[in-house]
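Please look through the sequence and the structure below before reading on. The paragraphs that follow go from one element to another.

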Amino acid sequence: MKYLVAIIFAIAIVLASFLLGNAYIKRAQPVGVISVTGSGSENFTSDLIVWEGQFVRVFPVLKQAYEDLNRDKETVKDYLVEKGIPPENIVFNSVQTNEQRENQYQNGNYVGSTFKGYELIQSIKIESTNVELIESVSREITELLNKGVQFNSTPPRYYYTKIADLKIEMISKATEDARLRAEKISENSGGKLGKLNDASMGVFQITGQNSGEDYSWSGAYNTQDKKKTASITMRLEYEID
């Protein structure tokens with residue numbers, strides 16, 4: 001009887017060891033996964049332009065300087081409207097006033113400054129979806145010199161109002177590209193693509209077309225070029241069956 005109990009106990013130990021060992025082996029074997037990165041890009045033309053500039057008047061008497069600046073303002077506004085820019089697209093910002101002074105020296109030593117006059121700066125901003133018109137006017141703005149206005153402008157900035165829709169379309173392209181890559185890799189390795197474990201979006205970039213502009217880790221956003229290229233990456237992780 002004692003021998004029978006011992007034999008049964010030994011068999012139980014062996015069986016338990018087998019089951020525990022098999023469970024450990026299964027847990028130790030990781031599920032096969034594959035990580036791939038897909039990309040999507042799209043060329044587009046900006047549909048919104050922002051153009052800024054300013055003109056200045058300097059005069060010893062503040063009132064006179066302001067009157068001169070106000071006349072220049074009307075001249076600038078009339079010129080832009082004549083060129084076809086709607087008045088509602090023309091925004092004049094508040095006037096900036098600076099006191100102009102000239103430093104005085106005696107024997108190379110600074111002894112103070114003398115008042116020269118007031119500098120009044122009027123800045124203007126034009127925002128429009130008529131990109132071609134604003135581009136044309138920005139190139140011809142020096143015509144204001146003939147009207148007695150010294151207008152200084154900055155290069156136009158270009159934007160796209162449908163960027164959200166474009167981004168969604170590009171995410172779809174990048175995801176499909178990554179999925180096709182994963183299918184090809186799993187097929188070549190003799191496996192089968194399983195369920196999607198994780199998906200993460202990379203940095204969204206907007207660069208000028210054919211500009212050679214570098215990408216940025218934080219995401220480039222070109223506003224200098226009218227024609228642009230948007231790009232994005234998607235990283236997918238699949239199980240391999």
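The expected span of a helix is 1.5 Å times one less than its number of residues, where helices (H or I, at least four residues) and strands (E, at least two) are DSSP runs numbered from the N terminus. This is a predicted model, in which local features need pLDDT of at least 70 and side-chain atom pairs count only at pLDDT 80 or more, while totals for chains, interfaces and linings use all residues. Residues are numbered from 1 along each chain as its sequence is written, and side-chain values use heavy atoms, with hydrogens and water left out.

For helix H2, whose 21 residues should span 30 Å, the end C-alpha atoms lie 30 Å apart, which agrees. Its buried residues (buried means under 20% relative accessible area, exposed over 50%, partly exposed in between, with a 1.4 Å probe and protein chains only) are Ala 65, Asp 68, Leu 69, Asp 72, Val 76, Tyr 79 and Leu 80. Because they cover an arc of only 110 degrees around the axis, taken from the directions from the helix axis to the C-beta atoms, they sit on the same side of H2. The face turned away from that buried side carries the exposed residues Lys 63 and Glu 82, and just after H2, Gly 84 takes a positive phi of about 105 degrees.

In helix H3 (residues 131–140), the buried residues are Val 131, Ile 134, Glu 135, Val 137 and Ser 138. They cover an arc of only 165 degrees around the axis, and therefore lie on the same side of H3, whereas Glu 132 and Arg 139 are exposed on the face turned away from it.
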